[in-house]
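Dear colleague,

I am passing on the structure below, together with some notes on its aromatic side chains. Please read the notes with the coordinates open beside you.

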Amino acid sequence: MHSLREGILDGTGNDSSSAVKSTGPSFSLKAILRGLRHILWPKAASADSSPRQLRPTAYLDGLRGFAAFLVYIHHHQLWAHGAESLQSAVYFENAYGFDGEFRLSTFYGIRNFFTGGHMAVAVFYVISGYVLSVKPLALMQSGEHLKLADNLASAFFRRWFRLYLPIIATTLVYITSWHLFGYWNFACPPKETFGDELWNWYVEFKNFSFLFKEGGWIWVKANTHTWSIPLEMRGSVITYMACMALSRATTKARLVCLVVLVGYYLYVVDGYYGALFVAGMLQADLDLLARREGGYFPGWLRRLERHKTFIYYHLFVVSMYLAGVPSATNKVEDLRANPGWYWLSYLKPQAVFDPKWFYLFWAANMLVAAVPRMGWLRRWFEGRFCQFLGRISFAFYLVHGPILATVGDRLYHVVGWGRPVEAGEVDMLAAWRDLLPLPKVGPIGLEFSFLVPHLILLPLTFWVADIVTRMVDEPSVKFAAWLYKRVQGGGKPEMKPESNEMMLRLA
């Protein structure tokens, strides 16, 4: 398949024979249609006939993608059921048997497929800590400190652009569409004029993207699901700084320092995201050390290797239980009132404000550690579906909320999941309400009328996420790499003085 550049420019050179065979306007229309097809039509996974080559950490890509899929499910469950009855959403966020309610969607383990969004974010952070540090750690272990400095400088420079440019593009297009097409959305009602909208967006985004901001909104109101991105950026900085600070440490000292950092972020201060990132870095360090010949590796872990199947399967089971931590509120008293969580609630450290993140820390780390040691599970995450999800995961995370608040909200109104209208309130979606009411039969979370809209919503979200991945996310990565090369002088070495002696004298 031709690239967009090839599609538009193909045949427009000085070849006179091609000019004779086709007229300008007809060829231009054909080229434009070809370019639009490239933009709007996803590239088939089988387009490349060569055998699929997986990276050693491809399972992490699949795990991240499936975690993003769980975020999608979680938000749709709460949106639809919260619209019908706030109490229904409360049941989703509490344990099996809470308040005498025994529902399949809240049963241990199964509940993670309905409300696994919180666990998914914790998994995101552990995976990020792992993949951001694995190359620097390999260079550390090889003693290549100059390459390590170059690697960290490049990664640190590019990180902000990689995280925030897609948010700029998607939220700007989203708020523009409100005024361009004149539609209303419940999540963030539009401003009176587009100028007001643009100014509000600018003010929100500049504050949102400031790493050290204190107070205020933790998201861009046009997409509240972006709350996790500043923490992703902070965790990235923690990871890069830990790599730099420990680059000259001995292997034993580095491992001890990473364990101490995890304890600090989890038990001393409320920095759960830092603990998740550093724990991911610790896992990467141990995995690299385990594969090195003749290097240091903790002896007690080596002795447990013969029992790894037993250990990791049990870690997986414990992970699935802890991943279902009740999260209706952030009060430990409410957690204690849930069946199966009374004694576990006493493990929460004083420093942690929201109890769920303490349990999700352990759940996410156990899961990330267990997946590569459980053959069937690793193969699932290395499969085509999860790898596709992994490729579009960031864009999928960014676009599923706006699609839910616009198309999803209207489709839910059509089939009978509309929000009740309060007295004196204007029903902005009255034209959509109950156009095709469907029966709410089936277990909660699997009702027929809830599933039908996803025949449209899920393919639509996949499609938009694929477009954003190819047109925004991947170009953002390339732009950051290009910009870093430009600030280095286009790759040319900078001329340096033969001696700094004169400057030192002047100083």
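**Aromatic pairs and charges over rings**

The structure holds 51 aromatic pairs, a pair being two rings of Phe, Tyr or Trp (for Trp, its six-membered ring) whose centres lie within 6.5 Å, called stacked when the planes are under 30 degrees apart, edge-to-face when over 60 and tilted for the rest. One of them joins F107 and Y108, which are tilted at 55° between the planes and lie 5.5 Å apart, centre to centre.

This is a predicted model, in which local features need pLDDT of at least 70 and side-chain atom pairs count only at pLDDT 80 or more, while totals for chains, interfaces and linings use all residues. Residues are numbered from 1 along each chain as its sequence is written, and side-chain values use heavy atoms, with hydrogens and water left out.

F107 is partly exposed at a relative accessible area of 34%, and Y108 is likewise partly exposed, at 32% (buried is under 20% relative accessible area, exposed over 50% and partly exposed in between, with a 1.4 Å probe and protein chains only). Y342 and W343 form an edge-to-face pair, with 5.1 Å between centres and 85° between planes; Y342 is partly exposed at 38% relative accessibility, whereas W343, at 70%, is exposed.

F107 and Y108 also belong to one aromatic cluster, whose members include Y96, F102, Y267 and W362.

Turning to charges, the charged end of R419 sits over the ring of F186, 3.8 Å from its centre (NZ of Lys or CZ of Arg must be within 6 Å of the ring centre and within 35 degrees of the ring normal). K440 lies over the face of W417, 4.3 Å from the ring centre.

Best wishes
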